[in-house]
Amino acid sequence: MRNDNENMAARILESRRAISDAAPRREADKVEEEGGCGVTGFACSIPVAGRHIHAPSVQMHNRGNGKGGGIAAVGLSPDQLGVTREVLDTHYLLLVAALDPACVESLENKYIRPNFDIASEGTIDSIADWRDMPSLLVQPPQVRRYFVRVKPSVLDAFAVSNNLGSLERDRIEDEFVYQNSYRINTEYYAALGEKQAFVLSHGKNMMILKIVGYAEEAVEYYKLDDFKAHVWIAHQRYPTRGRVWHPAGAHPFIGMHEALVHNGDFANYYSVSEYLKQRNIRPLFLTDTEVSALEFDLLNRVYRYPLEYIIESLAPTTESDFDLLPPEKQKIYRRIQAAQIHGSPDGPWFFIIARNLLDGNGFQLLGITDTAMLRPQVFAIHDGEVKIGLVCSEKQAIDATLRSLASEDSRVCPVADRYWNARGGSSEDGGSFSFTLTGDPASAQSMKLVCRDKFGKEVAPPAGKKRLDISLPVGSENGDGMTTEFIREKLLAGDPEALSAAMMERMPRCNYDAVRSFAELVAEHSRLSDSARSAAIETLTTLNDLRYPTGSKMRSSVLQVVQVALDSVFKAVPPITGSGASRHRLIEFETRDALRAPSAGEDTLVINAAGFQPELEDRDSKIIIDAFRLGWRKFIVFNSTGQRFHGVGLGPDTTGVRIDCYGNVGDYLGSGMDGLEIRVHGDAQDQLCQIAKSGKLAVFGSVGQTFMYGAKGSEAYIMGNAAGRPLINAVGKPRVVINGTCLDYLAESFMAGDPLNGGGFAIVNGLEFDDDGRLRPLPRPYPGGNLFSLASGGAIYLRDPHSVTSSEQLNGGVFWKFTEADWALILPYLRENERLFGISIERDLLTVDGVLKSPLEVYRKVGAVNVKKLVAATGGVE
Amino acid sequence: MSMTIDNEIAAAPATREIKTAPSRFRNQIGAYKIFRSENCIGCGKCASLCPHGVHERFGDSGKMVRPRDYRCRGENCRSEEYFCINKCPVGALALRRNPVYSTLGDYRWTADLILSTWDQAENGHITNETLESEFGASGGGFDKLRFRFPAVPSGVDPSEVDTSLELNRRSDDPAAHKIKIDVPWYGGGMSFGSISDNMMVSRARAAAAWNTFTCTGEGGYPELLRPYDDHIITQIATGLFGVREETIQRVKIAEFKYAQGAKPGLGGHLLGDKNTADVARMREAVQGTALFSPFPFHSVYSIEDHKKHVDWIKAMNPRALISAKVAAPSDVDMVAVGCYYAGVHIVHVDGSYGGTGAAPDIAKKNIALPIEYAITRVHNFLADEGVRDEITLIASGGLRSAHDIAKAIALGADGVVIGTSDMVAVECIRCGNCESGRGCARGIASTDRELKNLIDVEYATQRLINLYNSYREQLVGIISRLGLRSVAELRGRTDLLMHLDYSKPE
């Protein structure tokens with residue numbers, strides 16, 4: 001069997017010699033230079049309309065430049081394509097982009113009509129005049145669509161002439177279609193002369209459309225707003241060349257039955273291309289994304305690797321993670337790595353793949369990150385009657401997708417049930433997650449969605465929880481609700497602690513109606529007075545921020561209720577343009593020019609971020625700077641959808657400034673902060689607090705990549721995880737508590753002096769919240785392979801009572817004895833951590849397996865090799 | 001901050017006035033040695049003959065001062081009436097090549113180029129025409145390029161030549177500063193740590209006098225530079241050392257250092273020895289520990305990250321011009337276009353010839369494109385893209401003379417950055433040991449408290465001012481001889497250049 005497979009792979013590749021020889025010889029130079037991009041995708045148990053890929057695409061405009069966008073849809077509906085279910089399932093859906101429509105006839109006569117039985121053909125509908133979309137600078141190609149099968153006689157001849165007869169018939173047919181498309185692309189696209197046409201996609205039950213513009217413009221131009229599919233992916237491209245006149249270089253790219261989008265840039269494009277050329281695969285579009293798709297197809301369809309081995313080929317398991325694999329896996333992986341390392345993409349990359357698994361195996365959405373996790377990536381899952389799996393460059397794009405879906409379907413909650421990052425090349429999840437939809441797409445039943453990591457381990461949504469349908473009216477069955485009088489009294493008395501505590505106490509046993517009526521009452525009564533409003537904000541914020549048991553209710557649904565209430569409280573704040581006295585003033589995009597100095601008694605500026613740009617002049621974070629100069633010191637920003645740079649640009653001397661952020665705050669928050677305090681009520685994104693000098697940050701969630709890169713100081717408290725490279729190159733005295741863990745490269749090149757002598761440190765508690773809001777230790781407090789690499793100062797305090805972390809995970813650092821002096825140093829920070837997040841020092845941190853331990857038994861210290869000696873020699877740091 | 005510089009001197013503005021700024025060493029190195037034997041009768045004839053001031057009589061004492069032989073033109077004088085060796089009545093004088101001359105410099109920075117730079121820095125003009133001041137002996141690069149000067153005088157009056165350069169050419173960013181510098185060059189990044197505060201202040205004062213800029217490098221922004229904020233480029237490099245919001249807000253230009261032409265793909269490494277108490281304070285690190293700058297920006301792994309990075313600086317300082325300093329890999333053209341689309345005002349391409357002794361030998365000159373190739377490539381690519389006049393292209397990496405500057409501009413750069421020339425002006429001998437031990441034996445590339453005081457701020461400022469004057473004089477001469485009236489007119493005029501190997505002189 002093995003030999004058969006090897007032989008067949010060799011024969012398939014040999015059969016491509018002719019097409020490879022016919023392909024133009026070019027220097028193995030990328031003509032398309034790009035790195036960046038925004039990628040997004042989701043898989044849904046019911047078919048959903050193309051307009052829902054619109055919102056996340058729009059929100060990631062600043063990850064592209066409008067010079068290349070594309071979408072792919074997998075798992076389509078036959079009726080909207082005018083074919084039967086049988087044709088949709090069994091026929092190849094060939095889409096040809098005609099850059100020059102005059103070439104269509106000759107192309108069809110040469111490559112389509114002689115080779116295929118055509119069940120249906122047509123031109124994809126588009127808006128009548130492309131100039132009606134003023135943002136388009138180039139006319140999108142006319143797209144011809146054919147549902148085809150290879151003519152039996154043609155297929156027979158192909159099989160015989162290439163000695164492929166013993167291969168399964170459908171595999172021979174796949175190969176024929178693949179080679180036929182390759183010939184089309186060679187003749188009409190890659191050959192010298194005018195570029196006339198290229199194949200957009202040829203897989204079954206899937207299609208790709210690309211445009212010189214933004215991704216969502218492909219949806220708009222080709223009128224896919226109402227077009228339904230189970231899986232959607234989109235890509236915003238950022239080609240660095242300005243003049244792009246056709247979208248062939250845009251993503252997604254095809255293999256066979258899959259569409260691949262990519263964020264990143266291979267450092268070894270040449271090597272990977274050579275690897276492919278040796279297998280008679282010659283790239284025609286000269287981008288690393290095309291190469292990625294070709295490679296995936298090679299491993300999947302020619303070598304028939306299972307998905308796990310494909311992922312291992314692309315993102316090999318290395319370092320301490322390799323050591324942690326079971327021996328039999330090590331044996332196989334070693335072989336895979338030896339065979340495939342030259343084709344393994346090096347450098348930053350992140351793939352999202354949508355594919356048709358065929359033969360009733362369903363549809364799949366897949367995200368794979370590189371071993372070093374150099375590109376941002378977030379996965380999420382949404383459970384309930386409608387099940388959704390999502391993967392994006394940014395969490396804000398996930399939330400935008402869910403908001404878009406929720407706006408039309410009340411079974412969808414705008415908050416996902418889980419959000420997480422993959423750890424590239426790791427022994428835990430392998431840096432990849434797939435969402436697979438199975439079941440009969442033809443039946444009225446929705447499909448089943450399962451999320452698995454590289455190793456097949458399932459990521460299940462919280463069990464035994466019920467989703468709220470927020471469109472239903474609030475019932476009178478309040479369960480264990482609170483009386484209106486109690487709520488009113490506590491709000492007027494300014495006692496939010498009592499209110500939130502009472503609600504959290506009831507939460508495990510009360511029903512949704514009780515939560516909803518509570519939230520609505522709090523919101524309603526917030527209008528009674530300034531102090532009631534402050535108390536209402538604090539009450540709802542606590543319920544939004546903290547973790548607590550929610551009984552049979554989904555936490556995401558509870559958050560939905562709380563966030564709706566908070567939103568209404570904020571929106572009811574007296575506008576900046578209005579009269580009457582109030583501590584709070586609301587400013588919105590429409591009223592931004594009315595910004596003025598605070599009048600007597602005013603102290604908090606509430607900013608509705610909706611409508612503001614993510615960067616440059618019209619960004620909401622600019623309002624904060626202007627307002628600060630006018631004398632405002634307290635800010636609440638809500639409704640954020642990825643806007644950036646909050647807390648940036650205020651300069652030094654900002655002690656006393658406080659910024660509270662709600663919604664999806666964007667990148668670079670607090671980068672440069674010097675004195676101010678920022679609270680993020682939820683997850684934060686990438687590049688937080690770069691070069692931060694002083695001040696305080698609290699994040700009631702997780703933070704993204706390169707948190708506190710080059711920081712000089714300040715305190716930070718993170719309730720969840722920090723993704724890759726936190727505290728890299730930090731100096732001075734940053735002091736950080738991370739209650740979760742981080743993906744890898746924590747405190748690389750940390751140079752923060754001697755912590756016991758005024759330097760900096762990071763505490764990693766290695767905890768996570770379970771689905772009932774209880775803390776539990778992670779299997780490994782720090783799973784990465786590079787802790788404190790090349791660091792010359794500072795320390796990591798690791799909660800590691802079972803000494804799971806090994807010195808192999810350090811790269812230049814050493815374990816120092818954790819002493820009473822260390823405990824005295826970190827204790828005040830853990831107290832503040834307790835105050836902020838309710839993570840108790842005694843109950844949660846020092847209790848191990850039910851037994852209260854001494855801190856010296858619980859914490860470990862990682863420091864630089866020679867810091868003591870140096871400190872002794874120089875008398876320490878200031 | 002415990003600086004030994006007198007704050008008043010540091011803050012006192014300097015002018016462009018040329019004042020002679022002689023060597024700070026007793027024995028300045030020259031091309032020749034004059035030996036005066038004991039036969040000398042002190043008649044003073046040689047002093048009255050020599051037009052270059054080599055000989056001087058010590059008052060009426062009848063004694064001669066030791067010959068200032070670094071001024072000596074040696075064999076070039078042999079045919080002159082005043083050739084002192086032949087005219088000495090008692091034959092007491094002897095002339096030899098200075099053996100140090102033959103060991104000085106290298107093919108790129110020849111002994112002549114070094115000595116000529118010293119001459120210009122001392123006098124504000126070229127006074128010693130016998131030294132080759134235009135090119136080196138590398139056998140390639142700028143050394144193979146020559147201008148095609150018209151045979152007949154152009155008639156352009158040198159005083160009409162405009163050497164100014166507008167740094168913000170973007171029409172889509174009206175909020176950003178408009179900055180015109182008077183000469184088409186500014187000083188490259190040298191960090192506190194790699195050089196001393198004395199040197200940094202001197203560079204800043206000279207930059208202010210010539211209404212141009214100097215760059216902090218990545219080691220922080222010493223407070224002593226505050227009076228020169230308007231002439232400082234603050235650098236944001238991969239280690240982010242000393243980068244603070246406040247320092248970004250106080251300047252008019254912020255420079256991202258993505259890479260250095262001398263060592264693209266490599267990070268920085270300040271060895272523990274050079275991380276002195278002062279350096280550590282500035283970088284907020286621990287004295288004596290090695291300091292690393294990673295090779296990439298860890299927050300920038302792609303073009304959209306780069307745009308975000310630029311937007312971040314604009315969020316802190318909306319009026320600042322953003323410069324992106326990049327090395328010259330083979331796709332530098334696309335990098336430059338990407339910089340334009342990310343909102344950068346200045347793309348600064350650093351070629352492979354530059355760099356101090358601190359760059360590893362294996363990297364120097366071996367990785368990136370030579371700058372003369374990179375300039376035309378980027379210039380043409382930007383032009384094809386239709387954005388050439390929206391961005392300022394600055395070239396650096398081994399520009400050693402006014403002629404190099406002119407050649408870089410003729411190849412397509414708007415202006416240049418100079419680094420090593422600044423060091424040579426204050427008598428760097430290019431020994432290449434910048435990174436070892438306490439640092440530079442001449443007190444330039446060192447923050448050692450004793451060594452750095454070998455450099456006096458007034459001296460160094462004046463030497464730089466003088467050199468810049470000489471550069472400008474020569475540049476004006478070149479431009480007017482070519483029949484042009486401005487630096488801007490010279491840009492991209494490759495037709496005015498010839499390559500010794502490939503072009504036929506007309």
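Strand 10 (residues 232-237) of chain B pairs with strand 11 of chain B in the parallel sense, over five bridges. Helices and strands here are DSSP runs (H or I of at least four residues for helices, E of at least two for strands), numbered from the N terminus, and two strands pair if DSSP finds at least two bridges between them. The model is a predicted one, in which local features need pLDDT of at least 70 and side-chain atom pairs count only at pLDDT 80 or more, while totals for chains, interfaces and linings use all residues. Residues are numbered from 1 along each chain as its sequence is written, with chains lettered from A and ligands numbered from 1 in the order in which they are written.

Staying with this part of chain B, B:Gln235 stands opposite B:Glu255 in strand 11 of chain B. In general, strands of a sheet pair through backbone hydrogen bonds, either parallel or antiparallel.

How many of the five residues of strand 11 (residues 253-257) of chain B are buried? Five of the five are, so this strand is largely enclosed by the rest of the structure. A residue is buried if 20 or more other C-beta atoms lie within 10 Å of its own, exposed if 12 or fewer, and partly exposed in between, with C-beta atoms placed from the backbone. Both faces of strand 11 of chain B are covered, with B:Ile253, B:Glu255 and B:Lys257 buried on one side and B:Ala254 and B:Phe256 buried on the other.

Elsewhere in chain B, B:Cys77 lies in the loop between strand 3 (63-64) and helix 3 (84-87) of chain B. B:Cys77 counts as buried because it has 22 C-beta neighbours inside 10 Å. Apart from neighbours within four places in sequence, B:Cys77 is in contact with B:Tyr82 and B:Phe83, where contact requires C-beta atoms, placed from the backbone, within 7 Å. Chain B is divided into domain 1 (32-97) and domain 2 (158-499), and the centres of these two domains, taken over C-alpha atoms, are separated by 43 Å. Domain bounds come from an automatic or database domain assignment.

Turning to chain A, its secondary structure comes to 25 helices and 33 strands. The C-alpha trace of chain A spans about 85 × 65 × 50 Å along its principal axes, and 58% of its 878 residues count as buried. In helix 7 (residues 152-161) of chain A, by contrast, the number of buried residues is zero out of ten, so this helix lies largely in the open. Just after helix 7 of chain A, A:Asn163 takes a positive phi of about 60°.

Six strands of chain A form an open sheet in the order 9-10-11-12-16-17, with antiparallel pairing. The edge strands of this sheet are strand 9 (253-254) and strand 17 (448-453) of chain A, each pairing on one side only. Inside the sheet, strand 12 (residues 363-369) and strand 16 (residues 432-438) of chain A pair in the antiparallel sense over six bridges, and A:Gln364 stands opposite A:Thr436 in strand 16 of chain A.

The domain assignment of chain A gives domain 1 (2-453), domain 2 (484-570) and domain 3 (682-878).

Finally, the contact between the chains takes 56 residues from chain A and 39 residues from chain B. Helix 25 (residues 867-874) of chain A gives the most to the chain A side, with three residues.

Methods
Two residues are in contact if their C-beta atoms, placed from the backbone, lie within 7 Å.
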